Amino acid sequence: MTRIRAAVLGSPIEHSLSPVLHRAAYRELGLDDWSYDRFEIDEAALPGFVAGLGPEWAGLSLTMPLKRAIIPLLDGVSDTAASVEAVNTVVLTQDGRRLGDNTDIPGIVAALHERGVEKVPSAAILGAGATASSALAALSRICTGEVTAYVRSSARADEMRQWGERLGVPVRTADWSGAAAALEAPLVVATTPAGATDELAAVVPAAPGTLFDVLYDPWPTALAAAWSQRGGNLLGGLDLLVHQAVLQVEQMTGRSPAPLDVMRRAGLAALSGAH
C-alpha cells in the first residue's frame, strides 16, 4: 500500500496539535493509507525540504515562522492568502503544482458563526502580530463598522492601518495603555502572547459581548476565565485550530465534510492529557 503523506512544518513545532487533529480526521474518514507528521523546519531549511517532496505528498500545514517564507516556493496562492501575505496550507496536486491558501481567515469566521456571531457593528483587536492581520481579514467579512487595534508601538499601529486599507476595513489604532476600553466592544479578538492580557481580567465589563482569544495553551487565560465568569460568549484557540484544520483536511484529501466534532474531541483530549 502506497502511503499518502501530509505534515505540519514550523519552529518550534513539538507542541503542535495539528497531528492530533488531522490523524483523527483520517481515522474517521477511513483514510488508512494517509499519514500526518510534524517537522522542525526553520526558514533556512524550508526550500530544501519542499524541493525534496515526492509524489506521495498531498499537503503541508505551515506555522510560524514559515507562513510568508513559503510563498516564493509556490506555483499559486489563493486570493485569501495573498490578502494577508500569509500561507498556512499547501496542497500538492497530482500534476506537481504547489498551491497555497490561508485557512486561518475562514476558520475564524466559521468559528464565530458556530457561536452565533454573524455580523457585528464594531470590533477590537488586542495586539498587532501575524495573527492580527488574519483576524482583521476575518473581520472584513463580518464587521460592518470600525475596528480598533490596541498596540504597543507606533510602528505596529502603522502596520495595522496599512492592513486595514489593504483589506478594506476602517481601522483606528490606540495605545495598549487604553486596552481596557477594548473590552466594551461587541467582539474582541485577542491575538497576544500568553500573559499579555492578564492585566485586563480585572476590568471585564458586567455584560461582556464575545471574546475570541486565540491561545489554547495555557487555557483558559486569565482574561478568558474572567470573561466566562461574567457570562460573555467565549471562543479559544482550539476553536480556531479545529476550524482551520477542517478546511485543511478537506483541501488535502478532497473529502468533505471533514469530521469537525471528532477533531475537536481529539484536540480537547490531547490538551487535557498535557496537564
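**Exercise 1: Around helix α4**

The buried residues of α4 pack against α3 (79-84), α5, β10, β11 (210-213), β12 (233-235) and α8. Keep in mind that this is a predicted model.

Task: Find which residues of α4 are buried, and see what follows the helix.

Solution: Start with the cut-off, since buried means under 20% relative accessible area. In α4, that picks out D104, I105, G107, I108, V109, A111 and L112. Now step past the end of the helix: α4 is followed by G116, and the phi of G116 is positive, near 85 degrees.

**Exercise 2: How α4 meets α5**

Task: Work out whether α4 and α5 are parallel or oblique to each other, and name the residues that meet.

Solution: First, take the angle: α4 and α5 pack at about 50 degrees, with their axes 8 Å apart. Angles under 35 degrees count as roughly parallel and 65 to 115 as roughly perpendicular, so α4 is oblique to α5. Next, the handedness: this crossing of α4 and α5 is right-handed. Then list the partners. From α4 come D104, I105, P106, I108, V109, L112 and H113, and they meet S134, A135, A137, A138, R141 and I142 of α5. Sorted by type, the residues of this α4 and α5 contact are nine nonpolar, two polar and two charged.

**Exercise 3: The largest nonpolar core**

Task: Find which members of the largest nonpolar core touch the most other members, and which element gives the largest share.

Solution: This core has 35 residues, and I125, L136, M160 and F212 touch the most other members. Now check the suppliers: α4 (104-114), β7 (123-126), α5 (130-142), β8 (147-151), α6 (154-167) and β10 (187-190) each give at least two residues to this core. The largest share is seven residues, from α5. Zoom in on F212: leaving out residues up to four places away in sequence, F212 touches I108, A111, L112, V188, V189, A190, L235, G236, D239 and L240. Another core, of 23 residues, lies apart from this one, and includes L17, A25, V242 and L271.

**Exercise 4: Helices α8 and α9**

Task: Describe how α8 (residues 237-253) and α9 (residues 260-273) pack.

Solution: The angle between α8 and α9 is about 135 degrees, and their axes are 10 Å apart. α8 and α9 are therefore oblique to each other. The crossing of α8 past α9 is right-handed. On the α8 side, the contact includes L238, V242 and V249, while on the α9 side it includes L260, M263 and L271.

Methods: Residues numbered from 1 in each chain as written. Predicted model: local features only at pLDDT ≥ 70, side-chain atom pairs only at ≥ 80, totals over all residues. Heavy atoms only, no water. Core = buried A, V, L, I, M, F, W, Y, C linked by side-chain atoms within 4.5 Å. Buried < 20%, exposed > 50% of the residue type's maximum accessible area, 1.4 Å probe, protein only. Helix = DSSP H or I, 4+ residues; strand = E, 2+ residues; numbered from the N terminus. Contact = heavy atoms within 4.5 Å. Axes fitted to C-alpha atoms, helices over the stretch in contact; angles between N-to-C directions. Parallel < 35°, antiparallel > 145°, perpendicular 65-115°, else oblique. Left-handed = near helix turned anticlockwise from the far one by under 90°. Nonpolar A, V, L, I, M, F, W, Y, C, P; charged D, E, K, R; others polar.
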